[in-house]
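Here is a friendly walk through one protein model, written for someone who likes cut-offs stated alongside the values. Have a look at the sequence and the structure first.

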Amino acid sequence: MMKPITLSPGQLRMAEIAFWLALASSFFLAPNHLTLLSQILIFGLFAVALDMALGYAGILTVGHAAFFGAGAYTAGLLAKHGWGEPFSGLLAALVVAGGLGYALSYLIVRGADLTRLMITIGVCMLLAELANRLSGITGGSDGLQGMEVKPVLGIFEFDLFGKTAFGYAFVVVLAMFLLVRLVLRSPFGLALRGIHDNRKRMLAIGTPVESRLRMAYGFSAAVAGVAGALLAQTTQFVGIESIGFNRSAEILIILVLGGTGRLYGGLVGAIVYMLVHDWFADLNPEYWMFWLGIFLIAAVMLGRGGIMGALSRRIRTQEHMR
């Protein structure tokens with residue numbers, strides 16, 4: 001049996017820097033796949049948002065697409081009606097999705113796991129049907145079209161090759177990732193871990209558990225909204241599937257594949273899932289879902305705790321990548 005490798009904090013930081021440099025270098029190494037790479041970054045951020053609620057706060061949710069879709073429609077409607085400035089669109093999506101998440105947290109936090117599961121599924125399905133019914137506003141099943149997103153910083157126009165979209169997505173995802181990591185390493189984040197591990201003990205020492213969980217759920221929803229807005233702005237289209245239950249299930253698969261409770265799990269899961277998804281779709285267009293299903297089952301069976309869980313058993317560090 002191989003002995004685990006031990007990394008110092010300095011070596012761990014270098015590994016993190018190398019990870020982000022590798023993502024950035026794909027702009028030059030894979031110029032014909034920038035659209036796919038942009039979506040990998042966006043869904044990685046979405047998975048990180050879900051991990052805050054599920055992996056760190058321990059809130060069982062299978063309806064996070066409600067916030068992803070809310071952010072996408074917010075940015076999309078603004079761009080369609082003349083307000084196409086990208087960063088203010090992201091901010092509006094963050095506020096709308098975060099507000100929606102915090103409002104719903106009063107229902108979700110108080111319930112047991114099964115209750116939370118049903119509420120999150122129900123809200124996601126309700127919003128998807130609402131988006132479908134309000135076709136005059138959202139475009140319904142045809143999707144929201146006619147968006148006009150202005151150049152980033154007034155200079156970089158969104159092009160057909162996806163160069164601006166990739167650079168824009170990379171910068172925003174990196175900034176949001178650093179913000180999430182800062183929050184999770186703060187006393188607030190440590191309190192969330194304590195609640196996840198032993199809720200009764202945290203109550204006994206006077207921690208306002210429900211308040212902390214509501215804040216975590218609202219912040220998680222806000223980050224998911226930013227991811228949805230990013231997808232809307234970089235594709236200049238919002239499909240009704242962005243707010244549907246299938247999107248929630250897909251992002252849950254990505255997170256489980258990468259590893260819950262590990263900040264890099266969402267990003268790594270998105271990279272592996274979407275690259276394998278794309279490869280199987282090209283390899284066998286008719287039966288690609290069959291092969292993808294086999295891959296996911298094998299990955300979960302062989303890698304307890306996801307990809308990051310498997311790595312953590314091979315690499316020991318004084319400072320965890322989470």
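What follows covers the annotated segments, the aromatic pairs, a surface patch, the salt bridges and one serine.

This is a predicted model, in which local features need pLDDT of at least 70 and side-chain atom pairs count only at pLDDT 80 or more, while totals for chains, interfaces and linings use all residues. Residues are numbered from 1 along each chain as its sequence is written, and side-chain values use heavy atoms, with hydrogens and water left out.

**Annotated segments**

The unreviewed UniProt entry places the feature "transmembrane region" at residues 36-58, 65-83, 89-109, 165-184, 216-239, 251-276 and 288-312. UniProt positions are given here in the numbering of this model, feature names are shortened, and annotations may be inferred rather than shown by experiment. Two of these spans can be set beside the computed secondary structure, where helices (H or I, at least four residues) and strands (E, at least two) are DSSP runs numbered from the N terminus. Residues 89-109 are 95% helix and 0% strand, with end C-alpha atoms 29 Å apart. For residues 216-239 the figures are 83% helix and 0% strand, and the end C-alpha atoms lie 28 Å apart.

**Aromatic pairs**

A pair of aromatic rings is described by the distance of the centres and the angle of the planes. Rings of Phe, Tyr and Trp (its six-membered ring) pair if their centres lie within 6.5 Å; planes under 30 degrees apart count as stacked, over 60 as edge-to-face and the rest as tilted. Searching the whole structure gives 14 aromatic pairs. One of them is Phe-87 with Tyr-168, an edge-to-face pair at 5.5 Å centre to centre and 75° between the planes. This pair links distant parts of the chain, with Phe-87 in helix H4 (residues 86-108) and Tyr-168 in helix H7 (residues 163-184), 81 residues apart.

Phe-87 is partly exposed at 36%, and Tyr-168 is buried at 4%. Tyr-168 also forms an edge-to-face pair with Phe-158, at 5.8 Å centre to centre and 85° between the planes. Here Phe-158 sits in the loop between helix H6 (135-138) and H7, 10 residues from Tyr-168 in helix H7. Phe-158 is buried, because its relative accessible area is 17%.

One aromatic cluster is formed by Phe-19, Trp-20, Phe-27, Phe-28, Phe-166, Phe-170, Phe-177 and Tyr-264. Within it, Trp-20 belongs to helix H1 (residues 9-29) and is buried, with 9% relative accessible area. Beyond its neighbours within four places in sequence, Trp-20 is in contact (heavy atoms within 4.5 Å) with Phe-170, Val-173, Leu-174, Phe-177, Tyr-264 and Leu-267. Its C-alpha atom is separated by 17 Å from that of His-33, 13 residues apart along the chain.

**A nonpolar patch**

Which residues make the nonpolar surface patch of about 440 Å²? They are Phe-87, Leu-153, Ile-155 and Phe-156. Patches are made of residues with over 30% relative accessible area and no salt bridge; like charges are joined within 9 Å, and nonpolar side chains (Val, Leu, Ile, Met, Phe, Trp, Tyr) within 5 Å. Areas come from the Shrake-Rupley method with a 1.4 Å probe, and for residues only the protein chains shown count as cover. Ile-155 lies in the loop between H6 and H7 and is exposed, at 59% relative accessibility.

**Salt bridges**

A salt bridge is a side-chain nitrogen of Lys or Arg within 4 Å of a carboxyl oxygen of Asp or Glu. The structure holds 4 of them, including those in the table.

| Salt bridge | N to O distance | Helix |
|---|---|---|
| Arg-133 and Glu-129 | 2.9 Å | H5 (residues 113-133) |
| Arg-214 and Glu-210 | 3.8 Å | H10 (residues 209-235) |
| Glu-250 and Arg-247 | 3.4 Å | H11 |

Arg-133 is exposed at 66%, while Glu-129 is partly exposed at 36%. Arg-214 is buried at 14%, and Glu-210 is partly exposed at 30%. Because Arg-214 and Glu-210 are 4 residues apart in helix H10, about one helical turn separates them. Glu-250 is partly exposed at 24%, and Arg-247 is buried at 13%.

**A serine in H11**

Is Ser-248 buried or exposed? At 2% relative accessibility, Ser-248 counts as buried. Ser-248 has its place in helix H11 (residues 245-258). Leaving aside neighbours within four places in sequence, Ser-248 is in contact with Val-62, Gly-63, His-64, Ala-65 and Cys-124.

Notes:
Buried means under 20% relative accessible area, exposed over 50%, partly exposed in between (1.4 Å probe, protein chains only).
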